[in-house]
Amino acid sequence: MNQKVADRAVQKYARQIPTPVAISLSDGLALVPRVQITPSKVYFCGPECIICKWGERTSIYDRILSTLNGIVIGELTLLQQDIREWMGDFHQIGNVAKYAARLGLSFGSSEKL
């Protein structure tokens, strides 16, 4: 959703947005407003209290970041560009579920590389 559409939705439904609650949160917690957008309605829900670790680098974050340089499987090193060439071009697929299915098909091959 682009920013203009989001701004229009907020302006249109501004009177339905719940008023903020004045509470204090301990460190590591944040209130995040929740909005559900369906094809026919926009639901503004109250804020949810979540554990936030923004700014912290975790081992999972470092592991994901390391894959941007390539993936090593045994003695085989696959670079990002090599993987994209092998899997094909999916940029024209706009549906997330279809995109994920196509990616899954790429890894589901029974042929030897």
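The predictor's confidence in each residue is called pLDDT and runs from 0 to 100. The protein chain of this predicted model averages a pLDDT of 76, and 81% of its residues score at least 70. Where pLDDT is low, the predicted coordinates should not be read in detail. Local features here need a pLDDT of at least 70 and side-chain atom pairs count only at pLDDT 80 or more, while totals for chains, interfaces and linings use all residues. Residues are numbered from 1 along each chain as its sequence is written, and side-chain values use heavy atoms, with hydrogens and water left out.

**Overall fold**

- Along the sequence, the elements follow the pattern α-β-β-α-β-β-α-α.
- Of the 113 residues in the protein chain, 11% are buried, where buried means under 20% relative accessible area, exposed over 50%, and partly exposed in between (1.4 Å probe, protein chains only).

**Salt bridge**

- The count comes to one salt bridge, defined as a side-chain nitrogen of Lys or Arg within 4 Å of a carboxyl oxygen of Asp or Glu.
- Arginine 34 forms a salt bridge with glutamate 48, and their closest N and O atoms are 2.5 Å apart.
- Because arginine 34 lies in strand E1 (residues 29–37) and glutamate 48 in strand E2, the pair ties together parts that are 14 residues apart in sequence.
- Arginine 34 counts as partly exposed because its relative accessibility is 33%; glutamate 48, at 35%, also counts as partly exposed.

**Largest pocket**

- The largest pocket has a volume of about 450 Å³; a pocket is an open set of points on a 1 Å grid over the protein atoms alone, where a 1.4 Å probe fits, with protein on both sides within 12 Å along at least five of seven lines. The volume is the space filled by probe spheres set on the points, which are joined across faces, edges and corners.
- Of the 19 residues lining this pocket (those with an atom within 4 Å of a point), the closest to its centre are Gln80, Ile83, Arg84, Met87 and Phe107.
- Strand E3 (71–73), E4, helix H3 (80–87) and helix H4 (96–107) each supply at least two lining residues.
- Helix H3 gives the largest share of the lining, five residues.

How values were computed:
Helices (H or I, at least four residues) and strands (E, at least two) are DSSP runs, numbered from the N terminus.
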